[in-house]
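Hi,

Here is the model I promised to pass on.

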Amino acid sequence: MSEDEAEYDTEGGPSTGTADDVADRDQDLERVITAARDRVDPSDDERERLRTIADRLVDRAEAAATDLCTDADVLQVGSSARGTWVSGDRDIDVFVRFPPDLDRETLASYGLEVGHATVPDGHEEYAEHPYVKGEVEGFDVDVVPCFRLESATEIQSAVDRTPFHNQYLLDRLDDDLAADVRLTKGFMKGIGAYGSDLRTRGFSGYLTELLVCEYGGFRGLLEAAANWKPPVELDPEDHGQETFSDPLVVIDPTDPERNVAAVCSSENVARLQHYARRFLEQPHPSVFDPREPEPLSESALLDHLERRATTPIAVRFDAPDLVDDQLYPQLYKSLSGITQGLDDRGFDVFRGTTYANETAVVFAELAVATRPAVERHQGPPVDVKTHAEGFYNAYADDDDTYGPFLEGSRYVAERERRFTSAREFLESDRLFDVGLGAHVETALEDGYEVFVGTEVTTLLEEFGGELRRYFDPRP
């Protein structure tokens with residue numbers, strides 16, 4: 001760990017201190033914030049280049065759309081339209097709006113035609129309906145068709161909300177708040193909590209912008225988050241109509257039945273709280289640096305295993321051909337199922353994770369990797385006649401069972417254990433009895449490998465960075 005990282009990771013949270021301490025800390029905070037703004041704010045050249053290309057794309061899309069439907073119109077939406085994009089971002093979102101009486105099939109057909117006219121080298125991707133994605137002069141461009149509606153409560157597909165979100169924020173973001181949004185996004189990226197994809201399960205751009213508006217800026221948001229006591233509920237328009245059980249609830253200002261923060265995990269809410277407290281107490285620019293760990297070396301991994309005296313296991317298989325938002329929910333479900341299956345059989349899971357590249361891995365450490373040849377099975381009290389007799393008769397004539405015998409008032413039997421090692425279980429057909437994602441199960445049926453103990457060093461070539469994160473965990 002570098003000296004800068006060591007300084008920033010020192011334990012502590014916001015405290016009062018003397019008046020001089022508070023003044024010094026405020027000066028440090030403003031100094032770090034000023035430096036961070038220089039990093040996250042796009043340069044004039046960046047802004048001009050994006051504006052030029054975005055205007056050209058909108059003109060292309062508008063010409064193609066109105067040729068197909070005279071009532072169509074085109075909007076640039078997203079952070080690039082609101083001036084809340086961070087230096088280095090390369091996303092331009094173009095939405096093509098069609099009348100609401102157009103049928104969905106025609107909307108999809110027109111949308112693709114406009115998309116290909118706008119981004120000639122683009123390719124088709126699919127959400128609720130197809131759209132065109134491609135690259136234009138170094139910018140990632142999405143051309144998305146939607147319906148032009150009077151209210152977000154009338155949406156016919158999820159993307160229909162986006163123009164309402166865009167207008168709501170344009171009406172509320174002045175230059176100062178937009179600058180604070182950029183700062184907040186840089187902070188969220190640095191701590192690893194930015195992104196609403198189902199791998200990250202963090203703070204979306206829209207959610208981040210709403211929070212900055214709600215708390216009046218970057219510092220106001222951090223000061224509030226440092227003292228959050230989840231569940232936290234915010235309703236900017238005071239119009240919510242539903243009850244949610246998520247750790248963070250932000251009612252969509254354009255849709256009273258939607259929680260904008262629904263995808264945000266409790267871990268990422270806690271991550272924001274952790275870093276907000278430490279940044280306010282000990283401001284340091286390193287928090288704005290996304291953590292990109294060096295791959296773990298084989299010797300370092302072996303040192304960790306010796307020090308921890310646990311038994312690592314891994315199940316590796318060909319990653320299903322799915323986008324991350326489809327793949328990772330299935331991986332998380334499979335991780336839960338496999339670790340529960342190990343726990344149920346007495347192989348106590350210490351910690352686990354999952355990740356994917358060309359292949360996918362479910363990785364866990366076991367506190368106990370082997371078990372005795374017999375396992376204890378405690379029956380009911382003898383005075384519970386029907387159940388007690390059923391238990392006794394089930395084992396009384398089984399030569400492979402010790403007992404049944406009495407311990408206090410209960411029958412107990414010691415029976416043969418089906419699996420005496422975690423490897424046996426993982427390599428057996430019983431692995432398919434646990435809860436697995438559908439595509440993961442299919443991939444496992446096609447074949448998989450099991451690694452136990454030092455065999456997990458095989459994973460380093462593909463997943464050295466992920467293993468570094470696992471064995472050097474941070475909030």
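Below is what turned up, element by element.

First, the ground rules. This is a predicted model, with local features requiring pLDDT of at least 70, side-chain atom pairs counting only at pLDDT 80 or more, and totals for chains, interfaces and linings using all residues. Numbering starts from 1 along each chain as its sequence is written, and side-chain values use heavy atoms, with hydrogens and water left out. Helices (H or I, at least four residues) and strands (E, at least two) are DSSP runs numbered from the N terminus.

Let's start with the cores. A nonpolar core here is a set of buried Ala, Val, Leu, Ile, Met, Phe, Trp, Tyr and Cys residues joined through side-chain atoms within 4.5 Å. Buried means under 20% relative accessible area, exposed means over 50%, and partly exposed is in between (1.4 Å probe, protein chains only). The largest core has 45 residues, and Phe317, Leu342, Phe363 and Leu426 touch the most other members. Another core, of 44 residues, lies apart from it and includes Val32, Ile33, Leu169 and Leu207.

Four strands make an open, antiparallel sheet in the order 9-10-8-14, where pairing takes at least two DSSP bridges between two strands. Strand 9 (349–356) and strand 14 (449–452) are at the edges with a single partner strand each, so one side of each has no neighbour in the sheet. On average, neighbouring strands are turned by 15° against each other, direction ignored. Inside the sheet, strand 8 (residues 311–318) and strand 10 (residues 359–366) pair in the antiparallel sense over 8 bridges, and Ala314 sits opposite Phe363 of strand 10.

Now the helices. Helix 7 (residues 175–191) packs on helix 9 (residues 218–225) at about 45°, with the axes 8 Å apart; axes are lines fitted to C-alpha atoms, for helices over the stretch in contact, and angles run from 0 to 180 degrees between N-to-C directions. That makes helix 7 oblique to helix 9 (under 35 degrees would be roughly parallel, over 145 roughly antiparallel, 65 to 115 roughly perpendicular, and the rest is oblique). Asp180, Leu183, Thr184 and Phe187 of helix 7 meet Phe218, Leu221 and Leu222 of helix 9, contact being heavy atoms within 4.5 Å.

Helix 8 (residues 205–215) has 8 of its 11 residues buried, so it is largely enclosed by the rest of the structure. Its buried residues pack against helix 4 (79–82), helix 6 (162–170), helix 7, helix 9, strand 6 (232–234) and strand 7 (248–250). Gly216, with a positive phi near 80°, follows helix 8.

Cis peptide bonds join Pro230 to Pro231, with omega about 5°, and Gly403 to Pro404, with omega about 5°. Pro231 is in the loop between helix 9 and strand 6, whereas Pro404 is in strand 12 (residues 402–407). Asp238 is not a glycine but has a positive phi of about 50°; it lies in the loop between strand 6 and strand 7 and is exposed, at 70% relative accessible area.

Finally, Ser428: it is in the loop between helix 14 (422–426) and helix 15 (438–445) and counts as buried at 10% relative accessibility. Setting aside neighbours within four places in sequence, Ser428 contacts Phe419 and Tyr448.

Cheers
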